[in-house]
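Work through the exercises below with the sequence and the model open. Each task is followed by its solution.

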Amino acid sequence: QVRVVESGGGLVQAGGSLRLSCAASGSIVSIAVMGWYRQAPEKQRELVADITSGGITKYVDSVKGRFTISRDNAKNTVTLQMNSLKPEDTAVYYCKVVATANPGVWYNYWGQGTQVTVSS
């Protein structure tokens, strides 16, 4: 079994910063991609940023230049540094890990979500 646990989040004023962390644990053979998604009320869940095991990153346009994703492959952790936060960044943020516990069989594993609220 693979467990994904997020930490961080909270309430911050516009222009402020927050840092989200996510750790994957359990019977992990390999992790391909680690990423962050978010879901605002009455909106669909969207990809915020992800990073491959080789360090290739991808960001949604709305956070480019403000958010930075990083990963520690040895510790199976991923971090999202969020700067210059805007009220529209308010959402529940979820960590997703694409991992295999059995070689060749890949699954998406999700964390429970952490609330980020940006006040204007």
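**Exercise 1.** In which strand is the place of M34? Describe its surroundings.

*Solution.* This is a predicted model, in which local features need pLDDT of at least 70, side-chain atom pairs count only at pLDDT 80 or more, and totals for chains, interfaces and linings use all residues. Residues are numbered from 1 along each chain as its sequence is written, and side-chain values use heavy atoms, with hydrogens and water left out.

Step 1. M34 belongs to strand 4, residues 30-39; strands are DSSP runs of E with at least two residues, numbered from the N terminus.

Step 2. M34 counts as buried because its relative accessibility is 1%, where buried means under 20% relative accessible area with a 1.4 Å probe, protein chains only.

Step 3. Setting aside neighbours within four places in sequence, the contacts of M34 include A24, I51, I69, V78 and V97; a contact means heavy atoms within 4.5 Å.

**Exercise 2.** Locate the disulfide and state what it ties together.

*Solution.* Step 1. A disulfide is a pair of cysteine sulfur atoms within 2.5 Å; the count comes to one.

Step 2. C22 is joined to C95, S to S 2.1 Å.

Step 3. C22 is in strand 3 (residues 18-26) and C95 in strand 9 (residues 91-102), so the pair ties together parts 73 residues apart in sequence.

Step 4. The link of C22 and C95 is left-handed, with -80° about the S-S bond, and both cysteines are buried.

Note on methods. Helix = DSSP H or I, 4+ residues; strand = E, 2+ residues; numbered from the N terminus. Buried < 20%, exposed > 50% of the residue type's maximum accessible area, 1.4 Å probe, protein only.
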